[in-house]
Amino acid sequence: MLSTILLQAQEGGGGFSGIIMILLLFVVFYFFMIRPQQKERKKMQAFREGLGKGDKVVTSGGIYGTVRDVKETYFVVEISDGVRIRVDKNFVYPGPAEAQAEPKKEEGK
């Protein structure tokens, strides 16, 4: 598609239609690539700003935990009883639905 646009622009007769094709290409890129990324970035920023004490999270390294303290640039996440780590706010995600539920304790073992 891009090669046909460039060929039309070089021929001289398709100057106006070439410009329209290039503008159309930019519009398609905007609506199918740039805009969805911006929406996802805003959604993640709102999620991170809304996190509070007791919320379940998953770090970018795949560690499941519970937020115990919120600081300016990081969270203190408890990953096990008494085990707490500091995680940068940019590396915390909501994770799958299983992360939001408490793990089941196995009985009979």
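Me: Is D69 buried, exposed or partly exposed, and what is the relative accessible area?
Reply: D69 is partly exposed, with a relative accessible area of 30%. Buried means under 20% relative accessible area, exposed over 50%, and partly exposed in between, using a 1.4 Å probe and protein chains only. This is a predicted model, where local features need pLDDT of at least 70, side-chain atom pairs count only at pLDDT 80 or more, and totals for chains, interfaces and linings use all residues. Residues are numbered from 1 along each chain as its sequence is written, and side-chain values use heavy atoms, with hydrogens and water left out.

Me: Which side chain meets D69 in a salt bridge?
Reply: That's K71, at 3.3 Å, N to O. A salt bridge here is a side-chain nitrogen of Lys or Arg within 4 Å of a carboxyl oxygen of Asp or Glu. K71 is partly exposed, at 36% relative accessible area.

Me: How many salt bridges are found in the whole structure?
Reply: The search finds 2. One of them joins the side chains of E78 and R68 at 2.6 Å, N to O. E78 lies in strand β3 and R68 in strand β2 (residues 64–70), so the pair ties together parts that are 10 residues apart in sequence. Strands (E, at least two residues) and helices (H or I, at least four) are DSSP runs, numbered from the N terminus.

Me: OK, E78 then: buried or exposed?
Reply: E78 is buried, with 13% relative accessible area, while R68 is partly exposed at 28%.

Me: Which backbone nitrogen does the E78 side chain reach?
Reply: The one of G82, at 3.0 Å.

Me: Switching topic: which residues make up the largest nonpolar core?
Reply: L51, V57, V67, F75, V77, V87 and V92, 7 residues in all. Such a core is a set of buried Ala, Val, Leu, Ile, Met, Phe, Trp, Tyr and Cys residues joined through side-chain atoms within 4.5 Å.

Note on methods: A polar contact is a pair of N or O atoms within 3.5 Å; within protein, one must be able to donate a hydrogen and the other to accept it, and residues adjacent in sequence count only if both atoms are side-chain atoms.
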